[in-house]
Amino acid sequence: MELSKNIKDGFIELVFGPRWTYIAAVRSFLQSFLAIALTDCKKADVISMAASELLENAVKYASEEGTKVAVEHKPEESKLYLSVENFSTPTNWEVLKNEIDRINNGNPEEVYLMKMAEAALRTDGGSQLGLARIRYESNAEIKFSTDNDLVKVSVIFDLK
Amino acid sequence: MNKFGLENVVTEKANVELTDLDNGVKVNFSGDIDIQNPEPIFVPFFEQIHNNIIENGIKYVELDFSKLTFLNSSGIKTLIKWITKVTPLPADKKYNFKVIANSQITWQETSLKMLSMLAPGLIEIQIQ
């Protein structure tokens, strides 16, 4: 993104290899930055938690190096757009798309509770709770898109 | 050392300590739990606590999260695994949890409230 005059929308873009050790640093940076930009610590906490959960998924399921996290604040819409992009495989896309459809189409509390019950039975180290947690804790809309071998998960927060 | 003789769990960014109460036990969480796979660290510790609680007929456990600044969803799963061990127990073996949450830490109110819904009647939440 180029620097221009009269910037109205706040924008952050971070690109890094999918390394677990970066996640806490990104979460902490976003929390601090957004607490100032939004003048709302609680919203900054929720958004940085969501970024952390999306990045955890990206690191766990990426097929290759490279992860991009972007945050765009659009005050005129009272919305904040958070997205995480990483390389993935069509098999993983399908699983992720179905998961997001399931989460978006249900009551956030009921879906999260159902996912918690499922997590109790999982033995593979994963929880599959992150997206349901984001939806429940923020009531934000979660979107999914692909472009060649890139998968992008976006979360749209209503700041009203 | 606690009454069960269990070692506390200390990781690079988090401490989980078991302490004694007159009427039960208390688990104090502090720091950040955000490692990729917390299960091999925390699940055996919680299982040991659970087994000792059953053996000793203890009926009350406090889980104090007031100094835990972050808990990822994999960490939440380790707590779910503990709580869902209690729900199928017969009534005389069941024990109660009191979850202490910090109102200044945003995720705690929402995430910890959901834990109580996993085991209705067994978990009381106190938000400080």
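This is a predicted model: local features need pLDDT of at least 70, side-chain atom pairs count only at pLDDT 80 or more; totals for chains, interfaces and linings use all residues.
Residues are numbered from 1 along each chain as its sequence is written, while chains are lettered from A and ligands numbered from 1 in the order in which they are written.

Start at the interface: 22 residues of chain A are in contact with 20 residues of chain B (C-beta atoms, placed from the backbone, within 7 Å). On chain A's side, H1 (20–37), H2 (41–61), H4 (108–121) and H5 (130–138) each supply at least two residues; helices here are DSSP runs of H or I, at least four residues, numbered from the N terminus. H2(A) gives the largest share, seven residues.

Now zoom in on H4(A) and H3 of chain B (residues 106–118), which pack at about 65° with axes 10 Å apart. Axes are lines fitted to C-alpha atoms over the stretch in contact, and angles run from 0 to 180 degrees between N-to-C directions. The two helices are therefore roughly perpendicular, a label for 65 to 115 degrees. A:Tyr112, A:Leu113 and A:Met116 meet B:Met114, B:Met117 and B:Leu118 there.

What about the largest nonpolar core? It has 61 residues, and A:Ile47 is among those touching the most other members. Such a core is a set of buried Ala, Val, Leu, Ile, Met, Phe, Trp, Tyr and Cys residues joined through C-beta atoms within 7 Å, buried being 20 or more other C-beta atoms within 10 Å of a residue's own. H2(A) supplies the largest share, nine residues.

Methods:
Two residues are in contact if their C-beta atoms, placed from the backbone, lie within 7 Å. Angles under 35 degrees count as roughly parallel, over 145 as roughly antiparallel, 65 to 115 as roughly perpendicular and the rest as oblique. A residue is buried if 20 or more other C-beta atoms lie within 10 Å of its own, exposed if 12 or fewer, and partly exposed in between; C-beta atoms are placed from the backbone.
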